[in-house]
Amino acid sequence: MSDRPDVRESWKRLGSLATETVRTHLRDFAGDPARFASMSLRAGPLLIDFSRQRANAGVVSALVALARESRLEEAVDRLFEGGEVNPTEGRPALHTAVRAPFDERPPSVAAEVEATRGRVLAIAERVRSGRWPGVSGKPVRQVVHVGIGGSHLGPELAVQALVDRPCRVDLRFLANADGGSAIETFRGLDPERTLVIVASKSFDTLETLANARHARSWFIERTGRVDAMDRHFLAVTANPAAAAAFGIPPANQLPMWDWVGGRFSLWSSVGLSVAIAIGAARFEQLLAGAHAMDRHFRGTRLERNAPALLGLFGIWNSNFLGAGTHAVLPYDRRLAGLPGFLQQLEMESNGKSVRIDGERSQTHTAPVVWGGEETNGQHAFHQLLHQGTRSFSADLVAVAEPGHDLAERHRWLLANCLGQGSALLAGHEAGTDGPDAIAPHRGVPGNRATTTLLLDALTPASLGALLALYEHKVFTQATVWGINPFDQWGVELGKRLANDVFGALAGGSVAGLDAATAGLVAEVRKGSP
């Protein structure tokens with residue numbers, strides 16, 4: 001069987017069904033009283049409603065057939081059993097093992113995961129309880145998490161979503177290369193009471209190292225204690241020698257295994273800052289929620305498998321109905337970081353044009369993922385969603401139970417979320433308000449495909465399930481497209497070129513740079529002292 005999805009019989013069948021589907025409006029499905037029951041499903045604390053997708057039973061059947069032709073179920077078994085699912089780097093991808101109970105992990109990693117989790121939770125509880133003394137004996141009450149990409153987005157999202165205010169510690173995140181961010185992050189902190197966690201697999205990522213050096217200088221300049229790094233710095237890394245050379249001793253290092261990709265690393269030692277913020281017990285609930293979704297993904301038939309169907313409907317929309325972008329619209333301020341997290345998870349994983357067999361893909365892969373939170377988006381970009389000319393799909397994400405006691409406000413929030421989904425489905429026919437001149441401008445076409453994801457409440461377990469759902473969506477799509485979701489060679493190229501440009505900006509040669517870049521470097525250098 002070819003690795004090209006477009007030569008499979010189910011793919012061809014979906015092409016024919018798409019031709020029929022574009023002649024049908026979602027309004028034609030809206031009156032079917034059985035549609036919601038047949039096209040929504042529950043996975044633990046999540047309800048996933050696909051009934052607003054532009055699809056009927058025939059489309060769903062063909063999508064499931066595509067998954068089977070793509071050998072998705074075999075690929076899932078390889079993923080969980082530690083097979084080499086990252087062939088360009090010769091590695092497994094065992095993020096599922098990190099959140100699994102001991103007896104459900106591959107034996108090769110079970111003991112190491114257990115020992116590391118114990119260390120992470122012990123450190124977290126020491127910091128939370130005030131039993132981690134700084135250089136002067138004062139307990140640490142401030143934590144700075146330094147990382148970028150997968151070493152940053154997941155932990156920051158989890159902390160924003162789950163921390164009860166006020167938090168026991170002042171926890172801050174520092175990610176990008178902008179010096180202003182570093183200055184602002186450390187503003188007002190007491191170096192004698194601050195713990196810095198440097199999360200970097202390679203320990204040579206430009207932005208993370210620059211920020212780690214800033215943190216080290218900030219600490220030493222204010223305390224004069226070069227010998228006290230062990231009380232104020234921790235490293236999460238796969239390069240212990242580099243961390244030690246930086247000044248973080250082995251006893252203060254936690255592993256970041258090469259078989260856990262950065263964007264799948266929240267569940268590992270990278271989640272230390274999350275465990276500090278929410279406590280060991282709730283961090284274990286986060287892992288348990290993700291593991292419950294793992295079990296659902298591996299053990300549920302494809303026809304009712306939430307991550308598989310989420311991925312398959314994404315393929316239907318992007319490859320067959322022409323949706324080049326996918327909007328993530330969370331209706332809860334605590335999930336404001338979800339679009340950014342999913343941008344990396346989906347586009348860094350599946351933003352590929354070469355299949356695993358080394359041939360160029362003959363189909364589009366990941367769409368552009370974007371989004372924004374709550375009703376703010378309705379007063380910004382939703383105008384384009386309702387009346388614009390671009391094709392897109394969207395996920396509406398909401399929480400049934402409020403995280404506060406303003407019940408009426410929460411009902412309004414949910415009403416807006418569900419109402420937007422209804423408007424995107426049905427639209428509003430031009431001219432139904434009367435024959436006046438502006439009637440055409442009031443018309444809203446509708447027929448926009450959305451999925452609604454409703455969490456019972458925003459808890460560690462439900463957040464873990466939600467994020468694992470999206471991880472497995474990505475894996476499903478990668479399997480169908482025949483690409484590797486666990487490498488990111490394009491990112492590496494940009495890093496290498498940045499080093500050349502950095503030298504040129506500092507006065508070095510522009511030889512080897514393209515003409516536009518050389519010209520821009522020259523302009524910057526004109527204004528440099």
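Two strands pair if DSSP finds at least two bridges between them, and both helices (H or I, at least four residues) and strands (E, at least two) are DSSP runs, numbered from the N terminus. Keep these two ideas at hand for the close-ups below. This is a predicted model, in which local features need pLDDT of at least 70, side-chain atom pairs count only at pLDDT 80 or more, and totals for chains, interfaces and linings use all residues. Residues are numbered from 1 along each chain as its sequence is written, and side-chain values use heavy atoms, leaving out hydrogens and water.

**View 1. A hairpin made by β1 and β2.** Strand β1 (residues 40-43) runs antiparallel to strand β2 (residues 46-49), and four bridges join them. Look for S40, which stands opposite D49 in β2. Two residues lie between the strands, and G44 in the turn has a positive phi of about 60°.

**View 2. Strand β2 beside strand β11.** Here β2 meets β11 (residues 449-455) through four bridges, again in an antiparallel arrangement. Strands of a sheet pair through backbone hydrogen bonds, either parallel or antiparallel.

**View 3. An open sheet of five strands.** Follow the order β4-β3-β5-β6-β7, where the pairing is parallel. At the edges are β4 (170-174) and β7 (253-255), each pairing on one side only. From one strand to the next, the twist averages 15° (axes are lines fitted to C-alpha atoms, for helices over the stretch in contact, and angles run from 0 to 180 degrees between N-to-C directions). Within this sheet, β5 (residues 194-199) and β6 (residues 233-237) share four bridges, and V198 has A235 in β6 as its bridge partner.

**View 4. Helix α7 across the sheet strands.** Helix α7 (residues 107-128) lies across β3 (142-146), β5, β6 and β7. Its direction is at about 140° to β7.

**View 5. Helices α22 and α23 packed together.** Just after α22, G507 takes a positive phi of about 110°. Helix α23 (residues 515-526) packs against α22 at an angle of about 40°, with the axes 9 Å apart. The contact (heavy atoms within 4.5 Å) is made by V501, A504 and L505 of α22 and T517, V521, V524 and R525 of α23.
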